[in-house]
Amino acid sequence: MSTRRSHSEVELADVACSPIAARAGAHVLIGGLGLGFTLRAALRVLGPDARVTVAEIVQEVIDWNSNPEWGLSVDALGDPRVTVRHADVLDVLRDSVAAFDAIMLDVDNGAEAMVTAKNSALYRETGIRAAVAALRPGGVLAYWSAVADAPFVKALKGFGLTVTTQRSRAHGSTGPYHEIIVARR
């Protein structure tokens, strides 16, 4: 996580939330709070009647974002549209059949660039199946990845999803490219 390389996290929210922003009562899930860039961007795009659920497994990350001394996401977490769940996002997906209009997953570094081996389940058949089941009809599923990942794109297509990818710079116009993988039902 870095405060200097946040452009692609903002783009993740833009590509996932823009298509559903006009839906009355849109409900979105953000998997991985990080430093709150995706959450803040989603709140800017979504309407006043939207709901945003954030699943974060690391309590310390929630605490950092909640602490006004750090100036991270106190205002966003205090937004009445936001609910934070201290939980594994895969468990939230499994418990949320047809619950979300958009799902944004920024867990670890993507499907192959794992820092924590347990996170890999989210990018395998079990995780993809849970994410697809958690989407409402016409929903958007977007993954942040540190690198392009053709095998993961192929796996998503194997679930009957329409998949596109978008390269996004870490700093907007400079820095490394990250990949945003967008899947639609």
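## Basis of the description

In this predicted model, local features need pLDDT of at least 70 and side-chain atom pairs count only at pLDDT 80 or more, while totals for chains, interfaces and linings use all residues. Residues are numbered from 1 along each chain as its sequence is written, and side-chain values use heavy atoms, with hydrogens and water left out.

## Overall make-up

The protein chain contains seven helices and seven strands; helices (H or I, at least four residues) and strands (E, at least two) are DSSP runs, numbered from the N terminus. Starting at the N terminus, the order of elements is α-β-α-β-α-α-β-α-β-α-β-α-β-β.

Of the 185 residues, 51% count as buried, where buried means under 20% relative accessible area, exposed over 50% and partly exposed in between (1.4 Å probe, protein chains only). Contact means heavy atoms within 4.5 Å. Among contacts between residues at least 6 apart in sequence, 73% join residues at least 24 apart.

## Strands E1 and E2

Strand E1 (residues 27–31) runs parallel to E2, and five bridges join them; two strands pair if DSSP finds at least two bridges between them. His27 has Arg51 as its bridge partner in E2. Strand E2 (residues 51–56) has five of its six residues buried, so it is largely enclosed by the rest of the structure.

## Nonpolar cores

A nonpolar core is a set of buried Ala, Val, Leu, Ile, Met, Phe, Trp, Tyr and Cys residues joined through side-chain atoms within 4.5 Å. The largest one has 33 residues, of which Val28, Leu39, Leu46, Val52 and Met104 touch the most other members. Helix H1 (residues 7–17) supplies the largest share of this core, six residues. Apart from this core lies another, of 29 residues, including Ala87, Leu122, Tyr123 and Phe152.

Leaving aside neighbours within four places in sequence, Val28 is in contact with Cys17, Ile20, Leu46, Arg51, Val52, Thr53, Phe100, Ala102 and Met104.

## Helix H7

In helix H7 (residues 150–157), the buried residues are Phe152, Val153 and Leu156. Viewed down the axis of H7, these buried residues fall within an arc of 100 degrees, so they line one face of the helix; the arc is that of the directions from the helix axis to the C-beta atoms.

The N-terminal end of H7 is capped by Asp149, which has a side-chain oxygen 3.1 Å from the backbone nitrogen of Phe152.

Definitions and conventions
A polar contact is a pair of N or O atoms within 3.5 Å; within protein, one must be able to donate a hydrogen and the other to accept it, and residues adjacent in sequence count only if both atoms are side-chain atoms.
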